[in-house]
Amino acid sequence: MFGRLGAPEIILILLVVVLLFGAKRLPDMARSFGQSLRILKSETKAMQKDDSDEPSTAHTATALQAASQNRHTARAAAEAETSPQR
């Protein structure tokens with residue numbers, strides 16, 4: 001059904017696009033489309049860079065464990081300060 005598009009089909013599609021949007025708006029639409037693609041490309045590169053800059057999982061697990069221990073120690077100290085002393 002959706003086999004290869006030949007020249008007549010592509011010409012028909014372009015003609016319909018020109019009739020729907022008008023010849024004056026097509027350059028603006030193409031420019032907007034190009035800007036969107038550039039933004040998408042730069043964001044994709046930034047995400048890939050962020051992924052490669054992340055520390056290893058072993059280092060992350062150690063840091064999380066240390067933070068958890070510090071939090072429990074801080075919580076115990078805060079409870080000791082707020083509890084009434086006898």
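**View 1. Helix 1 and the nonpolar patch.** Helix 1 supplies the largest share of the nonpolar patch, 6 residues. The patch covers about 690 Å² of surface and is built from L12, L15, V16, L19, L20, F21 and M29. Patches gather residues with over 30% relative accessible area and no salt bridge, joining nonpolar side chains (Val, Leu, Ile, Met, Phe, Trp, Tyr) within 5 Å and like charges within 9 Å. Accessible areas follow the Shrake-Rupley method with a 1.4 Å probe, and for residues only the protein chains shown count as cover. This is a predicted model, so do keep in mind that local features need pLDDT of at least 70 and side-chain atom pairs count only at pLDDT 80 or more, while totals for chains, interfaces and linings use all residues. Residues are numbered from 1 along each chain as its sequence is written, and side-chain values use heavy atoms, with hydrogens and water left out.

**View 2. The end of helix 1.** Helix 1 (residues 7-21) has 15 residues and should span 21 Å at 1.5 Å a residue, which agrees with end C-alpha atoms 21 Å apart; the expected span is 1.5 Å times one less than the number of residues. F21 lies in this helix and is partly exposed because its relative accessibility is 36% (buried means under 20% relative accessible area, exposed over 50%, partly exposed in between, with a 1.4 Å probe and protein chains only). Just after helix 1, G22 adopts a positive phi of about 90°.

View 3. The structure holds 1 salt bridge, in which the side chains of D28 and R31 meet at 2.9 Å, N to O. The term asks for a side-chain nitrogen of Lys or Arg within 4 Å of a carboxyl oxygen of Asp or Glu. D28 and R31 are 3 residues apart in helix 2 (residues 26-53), so about one helical turn separates them. D28 is partly exposed at 42% relative accessibility, and R31 is partly exposed at 47%.

**View 4. The chain and its confidence.** The protein chain has 3 helices and 0 strands; helices (H or I, at least four residues) and strands (E, at least two) are DSSP runs, numbered from the N terminus. Buried residues make up 0% of its 86 residues. Mean pLDDT, the predictor's confidence in each residue from 0 to 100, is 77 for the chain.
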